[in-house]
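Please look over the sequence and the model first.

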Amino acid sequence: MNRRSLLKSAAAMAVGAPLLSVANATPAHAAGNYDVLLTEQLKNKVMLFRAIESWEPKNLGWSWTAPTSVVNGENTWRLLSDARFRETDRFGWVCLVTASGGKVGMVNFGDDDALLWSATPYGNPHAIEYIRSHGVVVVASSQKSAAVDYDGFLTIYAPTDADDPGTLAAVDTITYTGAHGLWWDGSHLFALGARTLAKYRVTGSLRTSRLELVQKHVWSDTTPFWGHSLDMDFTDPGRLLLNGAGAVWTVDKANLALTNIRPGSYGVKSFSRAVDGESFWVQAIDQTNPGETGWWNQYVQFFDAAGKPTYRRGLDYYGYEGRIYRSRIASVRLS
(Lines give C-alpha, C1' and ligand atoms only; values in the text may rest on other atoms or scores of the structure.)
Protein backbone atom coordinates (compact mmCIF):
# COMPACT_ATOMS: atom_id res chain seq x y z
CA MET A 1 0.00 0.00 0.00
CA ASN A 2 1.46 3.39 -0.98
CA ARG A 3 1.69 6.35 1.34
CA ARG A 4 -1.37 8.11 -0.03
CA SER A 5 -3.48 4.96 0.28
CA LEU A 6 -2.22 4.51 3.82
CA LEU A 7 -3.32 8.02 4.71
CA LYS A 8 -6.73 7.48 3.14
CA SER A 9 -7.10 4.19 5.02
CA ALA A 10 -6.19 5.91 8.27
CA ALA A 11 -8.85 8.49 7.54
CA ALA A 12 -11.42 5.77 6.91
CA MET A 13 -10.72 4.29 10.34
CA ALA A 14 -11.61 7.64 11.87
CA VAL A 15 -15.20 7.53 10.57
CA GLY A 16 -17.53 8.06 13.51
CA ALA A 17 -15.01 10.21 15.37
CA PRO A 18 -15.97 13.90 15.69
CA LEU A 19 -14.55 15.04 12.34
CA LEU A 20 -11.34 16.59 13.67
CA SER A 21 -8.46 15.16 11.65
CA VAL A 22 -6.92 11.89 10.60
CA ALA A 23 -4.95 12.09 13.81
CA ASN A 24 -7.93 10.31 15.37
CA ALA A 25 -7.03 7.14 13.49
CA THR A 26 -5.31 5.54 16.47
CA PRO A 27 -5.36 6.42 20.18
CA ALA A 28 -1.61 6.24 20.77
CA HIS A 29 1.74 6.19 19.00
CA ALA A 30 5.46 6.06 19.51
CA ALA A 31 7.30 9.39 19.62
CA GLY A 32 7.32 11.06 16.22
CA ASN A 33 5.13 8.38 14.63
CA TYR A 34 2.61 10.82 13.18
CA ASP A 35 2.33 13.01 10.12
CA VAL A 36 2.91 16.77 10.13
CA LEU A 37 1.07 19.03 7.71
CA LEU A 38 2.78 22.36 7.05
CA THR A 39 2.43 25.49 4.95
CA GLU A 40 5.65 26.56 3.22
CA GLN A 41 5.61 30.06 1.77
CA LEU A 42 8.71 30.27 -0.41
CA LYS A 43 7.38 27.71 -2.92
CA ASN A 44 3.81 28.29 -1.68
CA LYS A 45 3.12 24.64 -0.90
CA VAL A 46 1.27 22.47 1.57
CA MET A 47 3.56 19.56 2.50
CA LEU A 48 3.05 16.37 4.52
CA PHE A 49 5.85 14.51 6.29
CA ARG A 50 6.26 11.90 9.02
CA ALA A 51 7.73 13.69 12.03
CA ILE A 52 10.29 11.03 12.87
CA GLU A 53 11.66 10.74 9.30
CA SER A 54 13.97 13.17 7.58
CA TRP A 55 12.05 15.70 5.51
CA GLU A 56 13.42 14.90 2.07
CA PRO A 57 11.76 14.17 -1.28
CA LYS A 58 11.64 10.38 -0.83
CA ASN A 59 9.73 10.82 2.46
CA LEU A 60 7.22 13.37 1.20
CA GLY A 61 3.75 11.96 1.88
CA TRP A 62 1.78 14.52 -0.12
CA SER A 63 2.03 18.07 -1.35
CA TRP A 64 -0.12 20.67 -3.03
CA THR A 65 1.05 23.84 -4.72
CA ALA A 66 -1.27 26.82 -4.70
CA PRO A 67 -2.34 28.10 -8.11
CA THR A 68 -1.97 31.71 -9.23
CA SER A 69 -4.93 34.07 -9.26
CA VAL A 70 -3.94 37.68 -9.97
CA VAL A 71 -6.28 40.49 -8.94
CA ASN A 72 -5.16 44.10 -9.37
CA GLY A 73 -1.60 42.92 -9.96
CA GLU A 74 -1.43 40.77 -6.79
CA ASN A 75 -1.54 36.99 -6.52
CA THR A 76 -4.40 36.30 -4.12
CA TRP A 77 -3.01 32.76 -3.52
CA ARG A 78 0.34 34.05 -2.25
CA LEU A 79 1.64 33.23 1.25
CA LEU A 80 -0.20 30.05 2.26
CA SER A 81 -0.98 30.50 5.94
CA ASP A 82 -2.91 27.43 7.11
CA ALA A 83 -3.93 23.90 6.09
CA ARG A 84 -5.91 21.11 7.73
CA PHE A 85 -7.64 17.87 6.77
CA ARG A 86 -11.40 17.58 7.21
CA GLU A 87 -13.94 14.97 6.08
CA THR A 88 -16.80 15.52 3.64
CA ASP A 89 -19.61 13.14 2.72
CA ARG A 90 -19.10 13.29 -1.04
CA PHE A 91 -15.33 13.65 -1.43
CA GLY A 92 -14.05 12.02 1.74
CA TRP A 93 -11.02 13.75 3.21
CA VAL A 94 -10.19 17.17 1.83
CA CYS A 95 -7.49 19.69 2.65
CA LEU A 96 -8.71 23.15 3.64
CA VAL A 97 -6.24 25.93 2.86
CA THR A 98 -5.91 29.67 3.39
CA ALA A 99 -3.58 32.25 1.86
CA SER A 100 -2.73 35.65 3.30
CA GLY A 101 -3.07 37.10 -0.19
CA GLY A 102 -6.84 36.76 0.16
CA LYS A 103 -7.84 33.24 -0.97
CA VAL A 104 -9.29 30.20 0.79
CA GLY A 105 -10.08 26.81 -0.71
CA MET A 106 -10.88 23.11 -0.47
CA VAL A 107 -8.55 20.57 -2.14
CA ASN A 108 -9.62 17.03 -3.06
CA PHE A 109 -6.84 15.37 -1.05
CA GLY A 110 -5.63 11.95 -2.12
CA ASP A 111 -7.64 11.70 -5.32
CA ASP A 112 -7.02 14.19 -8.11
CA ASP A 113 -5.96 17.04 -5.78
CA ALA A 114 -8.39 19.27 -7.64
CA LEU A 115 -9.44 22.58 -6.13
CA LEU A 116 -13.06 21.76 -5.33
CA TRP A 117 -13.99 25.24 -4.11
CA SER A 118 -12.35 28.59 -3.50
CA ALA A 119 -13.36 32.06 -2.43
CA THR A 120 -11.67 35.39 -1.86
CA PRO A 121 -12.66 36.91 1.50
CA TYR A 122 -9.47 39.02 1.48
CA GLY A 123 -8.37 40.50 4.81
CA ASN A 124 -5.38 38.17 5.34
CA PRO A 125 -7.18 34.81 5.86
CA HIS A 126 -5.49 32.77 8.59
CA ALA A 127 -7.79 29.85 9.37
CA ILE A 128 -10.64 27.86 7.85
CA GLU A 129 -13.06 25.21 9.10
CA TYR A 130 -15.61 22.87 7.53
CA ILE A 131 -18.70 21.86 9.47
CA ARG A 132 -19.72 18.60 7.92
CA SER A 133 -23.37 18.17 8.83
CA HIS A 134 -24.16 21.71 7.69
CA GLY A 135 -21.79 21.88 4.73
CA VAL A 136 -20.55 25.18 6.10
CA VAL A 137 -17.10 26.72 5.71
CA VAL A 138 -16.13 29.44 8.18
CA VAL A 139 -13.08 31.59 7.46
CA ALA A 140 -11.10 33.78 9.83
CA SER A 141 -9.41 36.90 8.51
CA SER A 142 -7.60 39.65 10.27
CA GLN A 143 -6.87 42.91 8.47
CA LYS A 144 -8.61 45.70 6.65
CA SER A 145 -8.75 45.40 2.90
CA ALA A 146 -10.51 46.88 -0.09
CA ALA A 147 -13.32 44.42 0.55
CA VAL A 148 -14.07 45.35 4.17
CA ASP A 149 -13.70 48.37 6.42
CA TYR A 150 -13.29 46.75 9.81
CA ASP A 151 -10.27 45.15 11.38
CA GLY A 152 -10.98 41.43 11.40
CA PHE A 153 -13.94 39.20 10.61
CA LEU A 154 -15.34 35.70 10.26
CA THR A 155 -17.06 34.83 6.99
CA ILE A 156 -19.64 32.05 6.86
CA TYR A 157 -20.08 30.19 3.57
CA ALA A 158 -23.07 27.85 3.27
CA PRO A 159 -24.37 25.63 0.43
CA THR A 160 -27.68 24.82 -1.17
CA ASP A 161 -26.43 21.21 -1.42
CA ALA A 162 -24.39 19.94 1.54
CA ASP A 163 -22.59 17.45 -0.74
CA ASP A 164 -21.59 20.01 -3.35
CA PRO A 165 -18.95 22.58 -2.33
CA GLY A 166 -19.59 24.32 -5.63
CA THR A 167 -22.84 25.65 -4.12
CA LEU A 168 -21.10 27.39 -1.21
CA ALA A 169 -21.74 31.13 -0.97
CA ALA A 170 -21.13 33.79 1.68
CA VAL A 171 -24.20 34.13 3.91
CA ASP A 172 -22.96 36.06 6.94
CA THR A 173 -19.99 38.03 8.29
CA ILE A 174 -19.13 38.57 11.95
CA THR A 175 -16.83 41.39 13.03
CA TYR A 176 -13.93 39.85 14.99
CA THR A 177 -10.88 41.98 15.77
CA GLY A 178 -7.62 40.34 14.76
CA ALA A 179 -9.28 37.01 13.86
CA HIS A 180 -6.52 34.41 13.41
CA GLY A 181 -7.57 30.99 14.74
CA LEU A 182 -10.49 28.59 14.33
CA TRP A 183 -11.22 25.08 15.59
CA TRP A 184 -14.33 22.91 15.13
CA ASP A 185 -14.41 20.03 17.63
CA GLY A 186 -17.55 18.33 16.32
CA SER A 187 -19.82 20.23 18.71
CA HIS A 188 -18.69 23.85 18.84
CA LEU A 189 -16.64 26.29 16.81
CA PHE A 190 -13.91 28.16 18.70
CA ALA A 191 -12.50 31.43 17.35
CA LEU A 192 -9.42 33.31 18.52
CA GLY A 193 -8.45 36.91 17.83
CA ALA A 194 -6.55 39.86 19.20
CA ARG A 195 -8.83 40.42 22.17
CA THR A 196 -11.40 37.61 22.19
CA LEU A 197 -11.69 33.84 22.47
CA ALA A 198 -15.23 32.78 21.57
CA LYS A 199 -17.25 29.58 21.53
CA TYR A 200 -20.11 29.22 19.03
CA ARG A 201 -22.79 26.69 18.24
CA VAL A 202 -24.09 26.22 14.70
CA THR A 203 -27.76 26.84 14.07
CA GLY A 204 -29.94 26.36 11.01
CA SER A 205 -28.93 24.31 7.98
CA LEU A 206 -27.61 24.88 4.47
CA ARG A 207 -28.05 28.56 3.52
CA THR A 208 -29.72 29.36 6.86
CA SER A 209 -26.67 28.17 8.84
CA ARG A 210 -25.40 30.75 11.31
CA LEU A 211 -23.12 30.98 14.37
CA GLU A 212 -24.68 31.58 17.79
CA LEU A 213 -22.38 32.81 20.56
CA VAL A 214 -22.28 30.48 23.57
CA GLN A 215 -19.46 32.00 25.61
CA LYS A 216 -16.52 34.35 25.22
CA HIS A 217 -13.39 35.42 27.02
CA VAL A 218 -12.34 39.04 26.42
CA TRP A 219 -8.95 40.56 27.14
CA SER A 220 -8.40 44.26 27.85
CA ASP A 221 -8.32 46.67 24.91
CA THR A 222 -5.23 48.27 26.46
CA THR A 223 -3.33 44.96 26.62
CA PRO A 224 -4.51 42.82 23.67
CA PHE A 225 -3.81 39.09 23.80
CA TRP A 226 -2.99 38.91 20.07
CA GLY A 227 -4.09 35.28 19.82
CA HIS A 228 -2.77 33.45 16.80
CA SER A 229 -3.48 29.74 16.29
CA LEU A 230 -5.92 27.19 17.68
CA ASP A 231 -5.44 23.42 17.65
CA MET A 232 -6.65 20.39 19.56
CA ASP A 233 -4.62 19.03 22.47
CA PHE A 234 -4.19 15.30 21.84
CA THR A 235 -3.21 14.74 25.48
CA ASP A 236 -6.67 15.86 26.65
CA PRO A 237 -9.83 15.84 24.49
CA GLY A 238 -11.36 18.46 26.77
CA ARG A 239 -8.74 21.05 25.89
CA LEU A 240 -7.46 23.09 22.98
CA LEU A 241 -4.06 24.67 22.45
CA LEU A 242 -3.52 28.31 21.58
CA ASN A 243 -0.79 30.91 21.62
CA GLY A 244 -0.87 34.59 22.45
CA ALA A 245 0.55 37.18 24.88
CA GLY A 246 4.01 35.71 24.38
CA ALA A 247 3.07 32.24 25.67
CA VAL A 248 1.45 28.90 24.80
CA TRP A 249 -1.74 27.99 26.64
CA THR A 250 -4.29 25.24 27.02
CA VAL A 251 -7.95 26.22 27.12
CA ASP A 252 -10.71 24.25 28.79
CA LYS A 253 -13.40 23.83 26.14
CA ALA A 254 -16.15 23.73 28.77
CA ASN A 255 -15.48 27.14 30.36
CA LEU A 256 -12.68 28.76 28.28
CA ALA A 257 -10.33 28.79 31.27
CA LEU A 258 -6.69 29.22 30.19
CA THR A 259 -3.57 27.61 31.64
CA ASN A 260 -0.11 28.88 30.69
CA ILE A 261 2.06 25.88 29.74
CA ARG A 262 4.99 27.64 28.03
CA PRO A 263 5.63 31.19 29.28
CA GLY A 264 8.14 33.38 27.47
CA SER A 265 7.31 31.86 24.07
CA TYR A 266 7.22 34.81 21.70
CA GLY A 267 6.38 34.86 18.01
CA VAL A 268 4.87 31.36 17.96
CA LYS A 269 2.80 30.86 14.82
CA SER A 270 1.48 27.39 15.66
CA PHE A 271 1.84 24.80 18.42
CA SER A 272 0.79 21.13 18.43
CA ARG A 273 0.98 18.38 21.06
CA ALA A 274 0.69 14.63 20.45
CA VAL A 275 -0.94 12.09 22.76
CA ASP A 276 2.37 11.15 24.41
CA GLY A 277 3.13 14.80 25.21
CA GLU A 278 5.65 15.35 22.42
CA SER A 279 5.07 18.80 20.90
CA PHE A 280 6.33 21.06 18.15
CA TRP A 281 6.02 24.64 17.01
CA VAL A 282 6.86 27.17 14.36
CA GLN A 283 8.38 30.30 15.92
CA ALA A 284 8.91 33.47 13.89
CA ILE A 285 12.52 33.81 12.75
CA ASP A 286 13.03 37.22 14.37
CA GLN A 287 12.51 35.47 17.72
CA THR A 288 15.25 32.90 17.04
CA ASN A 289 17.76 34.85 14.94
CA PRO A 290 18.32 38.43 16.17
CA GLY A 291 18.88 40.82 13.30
CA GLU A 292 16.71 38.84 10.88
CA THR A 293 13.05 39.55 10.35
CA GLY A 294 10.23 37.33 9.18
CA TRP A 295 6.95 35.80 10.26
CA TRP A 296 8.18 32.32 9.31
CA ASN A 297 10.98 29.94 10.26
CA GLN A 298 12.98 27.48 8.17
CA TYR A 299 12.54 24.84 10.88
CA VAL A 300 9.82 23.16 12.90
CA GLN A 301 11.15 22.67 16.44
CA PHE A 302 10.15 19.52 18.37
CA PHE A 303 10.08 19.04 22.16
CA ASP A 304 9.85 16.00 24.41
CA ALA A 305 7.00 15.50 26.89
CA ALA A 306 8.90 17.56 29.47
CA GLY A 307 9.12 20.49 27.07
CA LYS A 308 12.83 20.16 26.30
CA PRO A 309 13.99 20.75 22.70
CA THR A 310 14.82 17.50 20.91
CA TYR A 311 15.09 17.69 17.11
CA ARG A 312 14.02 20.03 14.35
CA ARG A 313 12.91 19.51 10.78
CA GLY A 314 13.33 21.70 7.72
CA LEU A 315 13.69 21.46 3.96
CA ASP A 316 17.49 21.32 3.86
CA TYR A 317 17.34 18.23 1.62
CA TYR A 318 15.42 20.24 -0.97
CA GLY A 319 18.36 22.59 -1.47
CA TYR A 320 16.70 25.71 -0.15
CA GLU A 321 15.68 27.25 3.16
CA GLY A 322 11.96 26.81 3.50
CA ARG A 323 9.74 29.48 4.94
CA ILE A 324 7.43 27.45 7.16
CA TYR A 325 4.53 29.40 8.58
CA ARG A 326 2.35 26.84 10.37
CA SER A 327 2.48 23.12 11.11
CA ARG A 328 0.10 20.70 12.81
CA ILE A 329 -0.46 17.01 13.48
CA ALA A 330 -2.16 15.54 10.43
CA SER A 331 -2.40 11.79 10.92
CA VAL A 332 -1.14 8.81 12.89
CA ARG A 333 0.41 5.65 11.45
CA LEU A 334 -1.88 2.61 11.55
CA SER A 335 0.62 0.46 13.46
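Strand β20 (residues 247-252) is joined to strand β21 (residues 258-262) by 4 bridges, and the two run antiparallel. Strands here are DSSP runs of E with at least two residues, numbered from the N terminus. Two of them pair if DSSP finds at least two bridges between them. Trp249 faces Asn260 in β21. The two strands make a hairpin with 5 residues between them. In the turn, Leu256 has a positive phi of about 65 degrees.

This is a predicted model: local features need pLDDT of at least 70, side-chain atom pairs count only at pLDDT 80 or more, and totals for chains, interfaces and linings use all residues. Residues are numbered from 1 along each chain as its sequence is written, and side-chain values use heavy atoms, with hydrogens and water left out.

Strand β23 (residues 279-283) is mostly covered, with 5 of its 5 residues buried. Buried means under 20% relative accessible area, exposed means over 50%, and partly exposed lies in between (1.4 Å probe, protein chains only). Both faces of β23 are covered. Ser279, Trp281 and Gln283 are buried on one side, Phe280 and Val282 on the other.

β23 has antiparallel links to two strands. Strand β22 (residues 268-273) is joined to β23 by 5 bridges, and Val268 stands opposite Gln283. β22 and β23 also form a hairpin with 5 residues between them. Gly277 in that turn has a positive phi of about 95 degrees. Strand β24 (residues 299-303) is joined to β23 by 3 bridges, again antiparallel. Here Trp281 stands opposite Gln301 in β24.

Val138 stands opposite Ile156 in β12.

Another open sheet also has 4 strands, ordered β14-β15-β16-β17 and paired antiparallel. Its edge strands, β14 (181-184) and β17 (210-218), each pair on one side only. Neighbouring strands are turned by 20 degrees against each other on average, direction ignored. β14 is joined by 4 bridges to antiparallel β15 (residues 189-192). Trp183 faces Phe190 in β15.

## Pocket and cavities

The largest pocket holds about 290 Å³ of space. On a 1 Å grid over the protein atoms alone, a pocket is an open set of points with protein on both sides within 12 Å along at least five of seven lines; a cavity is a set where a 1.4 Å probe fits but cannot get out; lining residues have an atom within 4 Å of a point. Volume is the space filled by probe spheres set on the points, which are joined across faces, edges and corners. The pocket has 18 lining residues; Asn124, His126, Ser142, Gln143 and His180 are the closest to its centre. The lining divides into 5 nonpolar, 11 polar and 2 charged residues. Ala, Val, Leu, Ile, Met, Phe, Trp, Tyr, Cys and Pro count as nonpolar, Asp, Glu, Lys and Arg as charged, and the others, Gly among them, as polar.

The whole structure has 4 cavities of 30 Å³ or more. The largest cavity holds about 70 Å³. It is lined by 14 residues, with Thr88, Tyr130, Ala162, Asp163 and Pro165 nearest its centre. Its lining has 7 nonpolar, 2 polar and 5 charged residues.

## Aromatic contacts

The whole structure has 16 aromatic pairs. Rings of Phe, Tyr and Trp (its six-membered ring) pair if their centres lie within 6.5 Å; planes under 30 degrees apart count as stacked, over 60 as edge-to-face and the rest as tilted. Phe49 and Tyr318 have ring centres 6.4 Å apart and planes at 80 degrees, so they are edge-to-face. Phe49 is in β2 (residues 45-50) and Tyr318 in the loop between β25 (309-314) and β26, 269 residues apart. Phe49 is buried at 0% relative accessibility, whereas Tyr318 is partly exposed at 25%.

Note on methods: Axes are lines fitted to C-alpha atoms, for helices over the stretch in contact, and angles run from 0 to 180 degrees between N-to-C directions.
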